[in-house]
Amino acid sequence: MDLDFSAAEDAFRAEARAWLTAHVPESPLPSLETEDGFAAHREWERTLFADRWSVVSWPEEYGGRGASILRWLIFEEEYYAAGAPGRVSQNGINLLAPTLFEHGTDEQRARVLPSMARGDVVWAQAWSEPESGSDLASLRSTAERTEGGWLLRGQKTWSSRAAFADRAFGLFRSDPAAGRPHQGLTYLMFPLDADGVTVRPIGRLDGKPAFAELFLDDVFVPDEDVIGAPGQGWRVAMSTAGNERGLTLRSPGRFTAAAERLTALWRENADPSDTALRDRVADAVIGARAYRLFAYAGASRIAAGGSIGAESSLNKVFWSELDIALHETALDLLGPYGELSDEATEAPAHGSWAEGHTFSLAGPIYAGTNEIQRDIIAERLLGLPKGRR
Amino acid sequence: MRFLLDDEQREFARSLDGMLTAADTPGAARAWAAGDTAPGRALWARLAEAGVFALAVPERHEGLGPMPLELAVACAELGRHAVPGPLVETVAAAAFLDRLDEVDRLDGLDEVDRLDGLDGFGHAGAAAEWLPRIAGGKALLSLCVPAASGPYALDPDAADAVLVVDGDTVRLAETTGPLQPSADPVRRLARPLGGTVLARGPAVAAAASHAAEVAALATAAQSLGLGRALLDRTVAYVGQRTQFGAAVGSFQAVKHRLADTLIALEFAQPLLYSAALALAEGADHASAEIAAAKVTAGEAAYAAARTALQLHGAVGYTDELDLALWIRKARPLRDAWGTPAACRARVLAR
C-alpha cells in the first residue's frame with residue numbers, strides 16, 4: 001500500500017500546473033449562472049480544449065488525453081488549486097458523455113463528443129418534472145413513435161442553465177402500457193431551439209436566472225438521438241446517475257483547495273482563543289483530506305479491476321455535507337462581511353464564500369437527494385430490507 | 001499509487017477476525033473486568049502467535065517491526081472484538097523502548113551518558129529485557145505519559161511492568177494507587193507510583209512523543225474496528241426485530257442513522273491507513289495525519305455506539321447483551337491518547 005505518484009504522474013501534474021498558471025484568468029469570470037458569464041465560460045472551455053485540457057480522461061480521438069482516474073484526480077487538484085473557472089460543460093462531460101461511452105454508438109460518439117469537448121455544444125439535463133423529483137421513475141413526459149423518430153411531449157423542470165444551453169438529454173415514457181414505472185422509458189437527446197420547445201427561465205435561491213423549465217410540444221427527435229435501446233432508458237440513465245454522485249461531479253481537488261483557502265482565512269482573521277471555530281476549520285481540513293484519500297482508494301480499486309457501484313452514494317452525502325460545513329465556517333470567520341454577495345464591491349474574495357455557501361445548500365438536493373442516497377446505502381450496502389420511503 | 005491493502009494484509013485481518021470470533025472474546029473481556037486476567041492472557045498469547053505484537057518490536061529484539069500499517073490493521077480487528085488489556089499501551093511501550101534503544105545504539109556512550117541512564121539502556125537494559133517478551137506475548141506493559149494520556153495507567157495490575165514518562169524522565173513504577181474503575185469496567189485504571197529512574201534526557205521526551213503517536217494510531221484503529229462491530233451488530237438486529245408488523249430496519253429513520261454510521265466509518269478508514277503510512281516513513285506530517293485519523297475514527301465509533309444503543313432500544317441498555325462491551329468502550333477510546341480537541345489543534349499546528 002502506498003500513496004506515491006510515479007515520475008510520469010508528477011510530470012503530468014507539473015504540466016497541468018504550468019498550463020493553468022499561464023492561462024487561468026487573473027480576475028474571476030462573471031458568474032457561470034448568468035447569460036454573460038455563461039458565454040465567458042464557454043470561451044474558457046475553448047481555451048481548455050485548445051491544449052487538450054477540457055476532457056483529460058477521454059480518449060484522444062475525442063479531444064482527451066486518455067488519462068487514468070488517478071491522473072484526472074491530479075488534474076482536478078491542480079485545477080481548483082489554481083482557482084480556475086467553473087465548468088460550463090459539466091453536465092455534458094459528467095453525465096451524458098459517460099452514458100455515450102457505455103451505451104452510445106460509434107456514430108453518436110463521433111457526432112456528439114468533439115463538439116462537447118470544444119464547448120461548441122453545451123448540454124443541459126432534462127430529468128425532473130413538476131410531479132417527479134426523487135421518484136424520477138414516475139415521470140410523465142412522453143415520447144411517441146413516429147416515422148423515423150419520436151415526438152416528445154410534456155414538461156421538464158429545474159434544468160440547470162437550460163436557458164443558455166444548446167441541447168438537452170433526458171428520459172421520456174415511450175411505452176405507457178409497460179407494467180412498472182421503471183419500464184418503457186427511453187433516453188433521448190434534443191436541441192433546445194427545436195420546433196415545439198419553449199424554455200422559461202426560473203430564478204434560483206442565489207438570485208441567478210439559471211434554472212429553467214422546458215415545455216415540449218410535439219418535438220421531433222430522430223432515431224439517431226436515442227441512446228441505448230428504446231424502453232431501456234432507466235438502466236441507461238442510472239449509469240450516469242452513478243457518475244454524477246460518484247467522483248466525477250465533485251472532485252476532491254475542489255474541497256482540498258477550498259479547505260486550504262479556509263485555513264488561510266482562519267490564520268488571517270481568527271481569534272486564536274476561539275477554539276470552537278478552530279475545531280470547525282480542523283474538521284473541514286480533515287474532511288477534505290478524508291474525501292481525497294477515499295477517492296485515491298476508489299481509483300486504486302478501479303485500477304485493480306474493481307468497480308464503484310452503490311458506494312458512490314457514500315461520496316454524495318459526504319461531499320455535500322462537507323461543502324456546507326466548510327462554507328458555514330468561512331461565513332462565521334468573515335463575520336459582518338460574510339453575507340456580502342458576489343455583486344458587492346467590498347465582498348471578501350469577490351463574494352465567493354457567500355455565493356459558494358448558497359450553492360452548497362443545494363448539494364444535498366441535486367444529483368439524487370441525500371435521503372435517497374441514504375436509502376441506497378442502507379439497502380444496497382448494508383442489506384437492510386426495502387420499505388416505504 | 002496503490003492505496004489498498006494487499007492480499008496478505010487482508011488475509012492477516014481475516015485470520016485475526018476468525019480467531020477472535022471462535023475464541024470467547026466477550027467472556028475474556030467480562031472476566032478481565034472482574035479481575036480474572038487468565039482468559040485474557042491466554043487470548044493475548046494466541047495473538048502473539050499470530051504475530052500481532054511482533055509488529056511493534058524491531059527484528060534485533062525478536063520482532064518483525066515496526067510495521068505501523070499492519071499494526072493498525074491488527075488493532076482494528078482487536079477493536080472489532082473488544083479484546084481486553086493494555087494493547088495500545090504495550091505496543092506504545094514497545095515503540096518507546098525501541099526508539100530509546102536506537103538512540104543508545106547509534107549514538108553510543110555519549111548519548112547514554114547524557115541520558116543519565118543505567119549501564120547501557122539498550123541491549124543490556126530495559127529494551128533487551130522487555131522487547132522480546134512483548135513480541136512473544138509473554139509481557140503486557142502499561143505506559144503512562146501524563147502529558148498525552150492523563151494521570152492513569154491502563155490495567156497496571158495486569159501488566160508486567162508500568163513505564164511512566166514525565167517530561168524527560170522515564171521510570172519503572174513500583175506500585176500503583178487504588179483502582180479507579182472506568183465507565184468501561186474492562187478498562188482498569190490506577191495511578192502509577194514510585195519506582196526507579198531508567199533514563200533521563202531529551203531523547204526520553206522524544207521517544208515518549210513518538211510512543212504517544214503510536215498509541216494514538218493504535219487507538220484510532222481500535223475505534224474503527226469497534227465502530228464496525230457496533231454497526232454490524234445493529235444492522236443484524238434491526239433486520240430481525242419486528243415492530244408495527246415490519247422489520248424496524250425497513251424504516252427510513254432507522255436506515256438513515258445506519259447509513260450515516262457507515263459513511264463516518266468509511267471515511268475514517270483511509271485517514272487511518274494514510275496516517276500509518278506517514279508514521280512508517282517518519283514523515284513530518286505524520287503527527288497531523290495521526291491526529292486526523294484519531295479524532296475521526298474516535299468520533300465515528302462513538303456515534304456508532306449511540307446509534308447502536310438507540311436502535312437496539314432498551315435491550316441495548318442492558319449489561320446482559322454483549323453489545324454493552326462495545327458501547328462502553330467507544331467514549332473512552334475517543335478520548336484516550338488525544339482528545340478530539342487536542343487532535344484538531346494538532347491538525348492545524350504548523
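How many salt bridges are there between chain A and chain B? In this predicted model, the count between the two chains is four salt bridges. One salt bridge joins B:Arg344 to A:Asp283, with 2.7 Å between the closest N and O atoms. Polar contacts between chain A and chain B amount to 14 residue pairs, both residues of each pair being at pLDDT 80 or more. On the side of chain A that touches chain B, the elements giving two or more residues are helix 7 (252-269), helix 8 (275-303), helix 9 (312-334) and helix 11 (370-381) of chain A. Helix 8 of chain A provides the largest share of that side, 16 residues. By class, the residues of chain A that touch chain B comprise 25 nonpolar, four polar and 15 charged.

The extent of the contact between the chains was also computed. Chain A contributes 44 residues to the contact and chain B contributes 38 residues. The size of an interface is often expressed as the accessible area that is lost when the parts come together. For chain A and chain B, the buried area is about 3800 Å², and carbon and sulfur atoms account for 72% of this area. Within chain A, the residues that lose the most area to chain B are A:Met1, A:Ile286 and A:Leu382, which together make up 21% of what the chain A side buries.

Chain B itself is divided into three parts: domain 1 covers residues 7-80, domain 2 covers residues 89-205 and domain 3 covers residues 212-348. The centres of domain 2 and domain 3 of chain B, taken over C-alpha atoms, are 29 Å apart. Contact between these domains involves 13 residues of domain 2 of chain B and 12 residues of domain 3 of chain B. The area buried between domain 2 and domain 3 of chain B is about 950 Å², with 69% of it on carbon and sulfur atoms. Of the area that domain 2 of chain B buries against domain 3 of chain B, 41% is supplied by B:Ala148, B:Asp184 and B:Arg187, more than by any other three residues.

One salt bridge is found between domain 2 and domain 3 of chain B. A salt bridge is formed by the side chains of B:Lys329 and B:Asp184, at 2.8 Å from N to O. Two residue pairs, both at pLDDT 80 or more, are in polar contact between domain 2 and domain 3 of chain B. Helix 5 (87-115) and helix 7 (146-149) of chain B are the elements that give two or more residues to the side of domain 2 that touches domain 3. Helix 5 of chain B gives four residues, the largest share of that side. The side of domain 2 of chain B that touches domain 3 of chain B is made up of nine nonpolar residues, one polar residue and three charged residues.

B:Thr169 belongs to strand 4 of chain B, which spans residues 169-172. Because its relative accessibility is 16%, B:Thr169 counts as buried, the cut-off being under 20%. The side chains of B:Thr169 and B:Asp168 make a polar contact at 3.4 Å. When neighbours within four places in sequence are left aside, the residues in contact with B:Thr169 are B:Val164, B:Val197, B:Ala199, B:Arg200 and B:Val204.

Technical notes:
Residues numbered from 1 in each chain as written. Chains lettered and ligands numbered in written order. Predicted model: local features only at pLDDT ≥ 70, side-chain atom pairs only at ≥ 80, totals over all residues. Heavy atoms only, no water. Domains from an automatic or database assignment. Contact = heavy atoms within 4.5 Å. Buried area = accessible area lost by both parts, 1.4 Å probe. Polar contact = N/O pair within 3.5 Å; in protein donor to acceptor, adjacent residues only side chain to side chain. Nonpolar A, V, L, I, M, F, W, Y, C, P; charged D, E, K, R; others polar. Buried < 20%, exposed > 50% of the residue type's maximum accessible area, 1.4 Å probe, protein only.
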